[in-house]
Amino acid sequence: MALPAINELAAAQLSLRELTLANATRKAIAVARIHRGRVVLAADTLVAMEGGIMGKPRDLNHARMILRRLSGRTHDVCTAVCIIGPRARISFAEISQVRFRKLTDSAIASYFKVVNPVDKAGAYAVQGAGGSIIAEVKGSVTNVIGLPMERTKEALAQINIRPLRGSRLQLYEAGPELAQVHVSIPDKETRQ
């Protein structure tokens with residue numbers, strides 16, 4: 001089944017929180033229209049520093065530019081989540097602060113050898129090799145990864161979806177109208 005392609009908003013008049021909420025909501029609505037009666041969870045993550053919002057880089061040169069800008073500085077990472085179910089609609093946004101180490105060009109080149117920065121907001125990932133470029137995360141680390149699990153679990157519990165083992169989410173005492181649907185929407189990045 002083909003998934004809807006969502007062109008993400010890039011509206012300068014919206015705050016970081018508003019923009020991620022708008023994009024997560026648009027993604028969730030698009031999938032919910034196809035999977036009526038199911039629970040749909042969509043998320044959107046952006047990086048911002050000094051009022052400038054950074055999405056995914058256009059290419060490796062743009063990614064290098066972004067990491068040079070983030071080098072030795074602190075920025076915000078905002079992930080918004082929208083959950084749409086048969087009888088509920090829940091949305092929220094989480095913001096964490098990430099402080100980068102001072103990065104040399106060779107450190108950036110080494111990082112790019114183990115991580116593809118082009119498919120990541122801010123051109124980096126906190127997991128895996130992220131420790132080589134990140135000095136500190138204040139707030140939810142899972143938020144920086146792209147899905148704030150602590151708040152997501154709380155939101156899903158409101159519609160009777162709870163983890164049964166570890167952090168794996170499964171249906172818990174759900175009615176027959178709820179079923180697990182695994183859907184991802186490819187990002188059509190329009191932000192710079």
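Visitor: In which strand does Thr-45 lie?

Guide: Thr-45 lies in strand S2. The model is a predicted one.

Visitor: Why is Thr-45 counted as buried?

Guide: Its relative accessibility is 19%. The limit for buried is under 20%, so Thr-45 counts as buried.

Visitor: What makes the link between the side chains of Thr-45 and Thr-79 a polar contact?

Guide: The distance is 2.8 Å. Polar contacts need N or O atoms within 3.5 Å, one able to donate a hydrogen and the other to accept it. The Thr-45 and Thr-79 side chains are therefore joined by a polar contact.

Visitor: Which residue of S5 is the bridge partner of Thr-79?

Guide: That partner is Glu-94.

Visitor: How do you know that S4 pairs with S2 and with S5?

Guide: By the bridges. S2 and S4 share nine, in the antiparallel sense, and S4 and S5 share 12, also antiparallel. Pairing needs at least two bridges, so S2 and S4 count as paired, and so do S4 and S5. Leu-41 stands opposite Ile-83 in S4. Between S4 and S5 there are two residues, and the two strands form a hairpin.

Visitor: What makes strand S4 mostly covered?

Guide: Of the 12 residues in S4 (residues 74-85), 10 are buried. Ile-84 has its place in this strand. With a relative accessible area of 12% against a limit of under 20%, Ile-84 is buried.

Visitor: What does Ile-84 touch, leaving out residues up to four places away in sequence?

Guide: Its contacts are Ala-28, Ile-29, Ala-32, Arg-38, Val-39, Val-40 and Arg-89. Ile-84 and Ile-29 are 55 residues apart in sequence, yet 7.5 Å apart in space, C-alpha to C-alpha.

Visitor: Which residues have the most contacts inside the largest nonpolar core?

Guide: They are Leu-67, Leu-70, Phe-100, Tyr-111 and Tyr-124, in a core of 23 residues. Strand S2 (40-49), helix H2 (60-70), strand S5 (88-100) and helix H3 (105-114) each supply at least two residues of this core. H2 gives the most, with four residues. A second, separate core has 15 residues, among them Val-40, Cys-78, Ala-80 and Ile-84.

Visitor: How many aromatic pairs does the structure hold?

Guide: It holds two.

Visitor: Why is the pair of Phe-100 and Tyr-124 called edge-to-face?

Guide: The planes of Phe-100 and Tyr-124 stand at 80°, and the centres are 4.8 Å apart. Centres within 6.5 Å make a pair, and planes over 60 degrees apart make it edge-to-face. The pair of Phe-100 and Tyr-124 is therefore edge-to-face. Phe-100 lies in strand S5 and Tyr-124 in the loop between H3 and strand S6 (134-138), so the pair ties together parts that are 24 residues apart in sequence. Phe-100 and Tyr-124 are buried.

Visitor: What kind of aromatic pair do Tyr-111 and Phe-112 form?

Guide: A tilted one, at 6.3 Å centre to centre and 50° between the planes. Tyr-111 and Phe-112 are both buried. Beyond four places in sequence, Tyr-111 touches residues including Leu-67, Ala-123 and Tyr-124.

Visitor: Why is Ala-123 counted as buried?

Guide: Its relative accessibility is 0% and the limit is under 20%, so Ala-123 counts as buried. Ala-123 lies in the loop between H3 and S6, and its phi is near 70°, a positive value in a residue other than glycine. Most residues other than glycine have a negative phi.

Visitor: Is Glu-50 buried or exposed?

Guide: Glu-50 is exposed: its relative accessible area is 64%, against a limit of over 50%. Glu-50 lies in the loop between S2 and strand S3 (52-54), and its phi is positive, near 50°.

Visitor: Why is Gly-131 called partly exposed?

Guide: Its relative accessibility of 43% falls between the limits of 20% and 50%. Gly-131 lies in the loop between H3 and S6. It touches Arg-101 and Val-126, not counting residues up to four places away in sequence.

Visitor: How do you know that the buried residues of helix H5 are on the same side?

Guide: Met-149, Thr-152, Ala-155 and Leu-156 are buried in H5 (residues 149-157). They cover an arc of only 125° around the axis, which puts them on the same side of H5. An α-helix has 3.6 residues a turn, so residues three or four places apart point the same way.

Technical notes:
Residues are numbered from 1 along each chain as its sequence is written. Side-chain values use heavy atoms; hydrogens and water are left out. Buried means under 20% relative accessible area, exposed over 50%, partly exposed in between (1.4 Å probe, protein chains only). The arc is that of the directions from the helix axis to the C-beta atoms. A nonpolar core is a set of buried Ala, Val, Leu, Ile, Met, Phe, Trp, Tyr and Cys residues joined through side-chain atoms within 4.5 Å. Contact means heavy atoms within 4.5 Å. Rings of Phe, Tyr and Trp (its six-membered ring) pair if their centres lie within 6.5 Å; planes under 30 degrees apart count as stacked, over 60 as edge-to-face and the rest as tilted.
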